[in-house]
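Here are my notes on the model you sent over, in the order I'd go through them at the screen. Have it open next to you as you read.

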Amino acid sequence: MTDFNPMSSINIAELEDKMKTAALDQHRGYAQNHYPEVQQYRPTETIPKSSACGHQVLREPVWNKGLSFTPEERVSKNLTGLIPHVMESLETQSARVMKMIQTRQTNIDKYLYLSNLKAQNIDLFYRVLIDNIRELMPLVYTPTIGDVCLQYSSLYTRPESLYISIKQRKSIRTMLRNWPYPEPEICVVTDGSRILGLGDLGINGVGISIGKLALYTGAAGINPAKTLPIVLDTGTNNETNLKDPFYLGLRSRRVSVEEQQAFMDEFMEAANDVFPNMVVQFEDFDTEKAFKYLDRYRNKYKCFNDDVQGTGAVILGGYIGAVNLSGVPVDEQRLVFMGAGSAGVGVAKQLVEYYTRRGLSEEEAKRKFWLVDTKGLVTQDRGDELAEHKKYFARTDNNGHQFRTLEEVIEYVKPSALIGLTATFGVFTESVVRALKASVDAGGLGRRPILFPLSNPLTKAECTFEQAVQWTDGTVIFASGSPFSSFAMKTPDGNVVDYNPNQGNNVYVFPGLGLGTILAKATKVTDNMVYTSAAALAESLNTDELRKGLIYPRIERVRDASLIVAREVMKAARRDGVSKLSDEQWHEWEEWGDVALTAYIKERMYDPVSFPTERARF
Ligand SMILES: O=C([O-])CC(=O)C(=O)O
Ligand SMILES: [Mg+2]
């Protein structure tokens, strides 16, 4: 039995002593900075998988095969009698799960059912998710994950992440080593300071790290046993959390920006020491930190920011398709951005790069963008102190005029595209949308407005799909951050037309970008890799999707899109000289064209099957 004891390699009495002191300290509320770097053990290194048996196998979600254990496995692993005698395929078990989900009344209940399943049987959870992605993605991800985050502390039943508080900053390495699985390939880290459009949720924001990682696996096949959700707790300024008796985070306001940064430095250094091969994805840090941390770490570590770069790439990918459909030539496009936070500026910068790659100077490209925030059009002479990240886009050609409302800006700019990243429901009013349509119509017959209300979750969307279709008489090219349903509308000649929305969510980019970075063994995530992910996404639509006028692949094809994104990202890493794979390997792929590289990636994508291979396990 000693083999099974992860603690066997350490002095338990000594450890218990230390832990008692630490626990006591914490209880008294002055545990800050007391934790020494002790107990450096890695449980998984001490559990030999081959000898795990009985309940241990059933209770470990990565080993549990539910009712798919073969008779031989049932005997060799001492499982007989512990599970029903029948043997079922993953498909049958998956059908049972779907049946049970239908019986749950609310989306949160459905989420909890799925989350519970994930904690019991990883293969089954992902089989169900992959096969029912249209129905289940909104439950494990936006919009439901937004509600889950709001209530995370009340819903809490078990740990499913690393929770690292600034009070434990001396033990970051220890906590990372405590993660009970082998070295992760990717982590999603948030500090909860700007969760979706919901603001500062503190430690409750951990739900977004968990949700994103479910899609790294579901949408790109990254081994689930090698994904690591992390929340960094530096306090919260959310009054509801601070007053909530169940709140699980530090019950104090956020520490200063400088202290947060020092903590982040320590975290990044520790993560790189303990897991040198792990890609770090920053998620939902507030705007200022999103840009600052990305700048600070991007050349030092393998990392990227999903809100700045992922959103930027996914919108660029969709915008390329939208321009083709719009009838407004790409060089005549004029874009108004409502919202100038991390996502707004990230997207605008990605689109600037698109235009410079098409031959425009940076200055010319920049002039195609008008950014609007709560104070109106962002101009250099507006009279207020512009945040650093907005200065790049501040207009100088406004002749001293200031435009305070979105209507005024539209009237002045006459845009062809309106992008919303405001986290404010209903900002795209009927008069705004009609004004957009009018400005596009004025350019010539058959032209179509591009309207992207991108804020998440649905309660923060700038307008609904139905409104967009009605207010543009069905001409809109539409993409939203969270999913809307299709909508049927009667045309003036009495026909009923079905309109299909696009979901312009970064789920089309981050899983493939992460997978490509991992498989290329890239030492960093370069701008080229991010840009390439957008271009690859635009290329990933099949003829049926193009014929239907979609600008993103149907969500059922997200894994196909991720594969193409990952492949092109890998090639970009190679071109940029950041891939650590051998020259021989690359020469071989280069000789075979994309076929060999595609096969290589596909083979490595986790895709649980009935009587699974060992691929996903550890
Ligand atoms: O999580 C999502 O759905 C998209 C995203 O990154 C955000 O809204 O912050
Ligand atoms: Mg985000």
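Predicted model: local features only at pLDDT ≥ 70, side-chain atom pairs only at ≥ 80, totals over all residues.

**Notes on the model**

1. Let me begin with a loop: proline 457 sits between β10 and α22 (465-471).

2. Proline 143 belongs to the loop between α8 and α9 (144-150).

3. On the overall layout, the protein splits into domain 1 (106-301), domain 2 (309-506) and domain 3 (509-604). It has 28 helices and 14 strands. The radius of gyration is 25 Å, close to the 25 Å that the globule rule gives for 618 residues, so the protein is as compact as a globular protein of that length. Along the principal axes, the C-alpha atoms fill a box of roughly 80 × 55 × 55 Å.

4. Now for domain 1 against domain 3. Their C-alpha centres are 25 Å apart, and 16 residues of domain 1 are in contact with 15 residues of domain 3. On the domain 1 side, the elements giving two or more residues are α8 (133-140), α12 (206-220) and β4 (279-282). Which of them gives the largest share? That is α12, with five residues. The domain 1 side as a whole divides into nine nonpolar, three polar and four charged residues.

5. In the record, "domain: Malic enzyme N-terminal" covers residues 118-298. That span is 49% helix and 11% strand, with its end C-alpha atoms 32 Å apart. The record also lists "domain: Malic enzyme NAD-binding" at residues 308-574. Here the chain is 43% helix and 12% strand, and the end C-alpha atoms lie 23 Å apart.

6. Next, the sheet. Seven strands make an open sheet in the order β8-β7-β6-β9-β10-β11-β14, with mixed pairing. Its edge strands are β8 (376-377) and β14 (502-503), each of which pairs on one side only. Within the sheet, β10 (residues 450-453) and β11 (residues 477-480) run parallel and are joined by two bridges. To find your way there, look for leucine 451, which stands opposite phenylalanine 478 in β11.

7. Strands β12 (residues 487-490) and β13 (residues 496-499) pair in the antiparallel sense over four bridges. Phenylalanine 487 faces tyrosine 499 in β13, while lysine 490 stands opposite valine 496. Five residues lie between the two strands, and glycine 494 in the turn has a positive phi of about 90°.

8. One more backbone detail to check: which residue other than glycine has a phi near 60°? It's alanine 423, and the value is positive. Alanine 423 is in the loop between β9 (417-420) and α21 (430-441).

Definitions and conventions
Residues numbered from 1 in each chain as written. Chains lettered and ligands numbered in written order. UniProt positions renumbered as here; feature names shortened; annotations may be inferred. Pairing = 2+ DSSP bridges. Domains from an automatic or database assignment. Contact = placed C-beta atoms within 7 Å. Nonpolar A, V, L, I, M, F, W, Y, C, P; charged D, E, K, R; others polar. Rg over C-alpha atoms; globule rule 2.2 N^0.38 Å.
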